[in-house]
Amino acid sequence: MKDNAGYVYIIGAGPGDPELLTVKAERVLHEVDVILYDNLVSSELVGQFDALKIYTGKRKDKHHFAQDAINQEIVFHAKLGRKVARLKGGDPYVFGRGGEEIAFLRKHGIEYEIIPGITAAHGASAYTEIPLTIRHVSSSVAFCTGHPLDKIHVPDADTIVYYMVASSASDVAEALIGKGKEEKTKVAIVQNATRYNQKIFAGTLGELRDKDKKVVSPALLILGENITEFIDDYWFGKKKRVLIAGKGVNRYENDEYVVVRYSCNDFKHNEQEHVKEKVEDISEELMLLFPDKYAVRYFFNYLFEQDLNIGDFVNTVFCPVGTAASAELLKHGVLPDLCLDAGTSEEIVVEMKSLGITDENIVIPCSGFIDDYLVDELTSLKNSVIFLDVSVQPSSTPDERIELDCIDEIYFSSPECVRLFKTMYTEIPEKITVRTADSKTDVEYMTLFDASLV
Ligand SMILES: C[S@@+](CC[C@H](N)C(=O)[O-])C[C@H]1O[C@@H](n2cnc3c(N)ncnc32)[C@H](O)[C@@H]1O
């Protein structure tokens, strides 16, 4: 790779379970500057990485990016010399339009590589115990799309996996029967494969056609004699689903549980508007603390988007952490007022203490990740500390609501997490066991949910 040339990684994120990401993909996602991710990639997965995150999937309130716009966005970031990850659900080359994106990159002379992912069919197969091949039963497999129905393929394969069948499963069944498949052919619909809310419907094509079954996206249909008697007793179905609101605890780090994370950072995101006002009111005295070079880069993108000008920040102390952040600031024509040598949050705190930094309005540009330790420690030095999310889009997709009927246990790590949870979910179903980190959290839970702990 040439110095300062952009580079693009087209990466498969796997079908949903965040741990199904490859080791290579994980390493690269830690190294890139920008992640453009689609709607099949969970915010829990992208939330682990510090890069600027751009959501390119569908949104309730806005139109999603059209493929052309995604192509342009990838090239835009690459041409600025950034390392870009294009993160797609499953595998990029299985119904993933990876080929179109590569063609566009080639046209623009941008270098790239492709990191495969586990496609939904493989994830669903393993997490439902439906082998795609079985000796003497099925020796060929085909992957097809479930639409358009009038052109549906029925290849001559023992096992056929139909992608993109949500909301039309009975129509798909009818179309397949119409194309000569027997009504007694075994089928399984797997919804949300490999995720905590995975659901299966297993039966015959005839039953599926008559059932008018509502299928929720993402779902796929597997057809063939390989659907075994284990379908009601598969390993993944036996695990307890635990929702951890806030910080995790060791007791859930074992194979008994499927862990769903509920990020309580959003609590502080509510203050985003207030932070924006603070930054926009540039007459106020501020200290801008840049924890790394990315914070500097994205802060300047943010200014550009908000129509703000760096020349207006006359009363601001620019404080980069480390030489890379200082150099990045200089690139943008800003001479740092105060440079910290620190590498970690702990070292930042030690340096701030020794410099006697107190009573400051500290604004820390970030891309969605809030460092609670830094907030607590700098606040205890009597500073006002706020994180400014400078990512282009929010790092979580707002329509991702947790299906509480699939959860067995909830763990609240702090009273704040209980309060945030209550703003989204007014009730907790009775069958769910609730545990809390300490007595303050207990009290908050019992008060807000009018409940008693088990
Ligand atoms: C546009 S295709 C993308 C496929 C993806 N590239 C892959 O390799 O899995 C979207 C379809 O993949 C299937 N799919 C993706 N993730 C799934 C999941 N977790 N469970 C079931 N089906 C899934 C569904 O059929 C969905 O409509």
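Keep in mind that the model is predicted.

Sheet first. It is open and has four strands, in the order β14-β13-β15-β16. The pairing is parallel. As background, strands of a sheet pair through backbone hydrogen bonds, either parallel or antiparallel.

Which strands stand at the edges? Those are β14, residues 316-320, and β16, residues 384-389. Each has a single partner strand, so one side of each lacks a neighbour in the sheet. On average, neighbouring strands here are turned by 25° against each other, direction ignored.

Now zoom in on β15 and β16. β15 covers residues 361-366, and its parallel pairing with β16 runs over six bridges.

α11, residues 323-331, lies across β13 and β14. β13 spans 286-290. Relative to β14, α11 runs at about 135°.

Now the helix pair, α3 and α4. α3 is residues 67-79, and α4 is residues 98-107. Their axes are 10 Å apart, and the packing angle is about 45°. Why call them oblique? Angles under 35 degrees would count as roughly parallel, and 65 to 115 as roughly perpendicular. At about 45°, α3 and α4 are therefore oblique to each other. The crossing of α3 past α4 is right-handed.

Who meets whom? From α3 come Q67, N71, I74 and V75. From α4 come E100, E101 and F104. By type, the residues of this contact are three nonpolar, two polar and two charged.

Key. Residues are numbered from 1 along each chain as its sequence is written. This is a predicted model: local features need pLDDT of at least 70, side-chain atom pairs count only at pLDDT 80 or more; totals for chains, interfaces and linings use all residues. Two strands pair if DSSP finds at least two bridges between them. Helices (H or I, at least four residues) and strands (E, at least two) are DSSP runs, numbered from the N terminus. Axes are lines fitted to C-alpha atoms, for helices over the stretch in contact, and angles run from 0 to 180 degrees between N-to-C directions. Two residues are in contact if their C-beta atoms, placed from the backbone, lie within 7 Å. Angles under 35 degrees count as roughly parallel, over 145 as roughly antiparallel, 65 to 115 as roughly perpendicular and the rest as oblique. A crossing is left-handed if the near helix is turned anticlockwise from the far one by less than a right angle, and right-handed if clockwise. Ala, Val, Leu, Ile, Met, Phe, Trp, Tyr, Cys and Pro count as nonpolar, Asp, Glu, Lys and Arg as charged, and the others, Gly among them, as polar.
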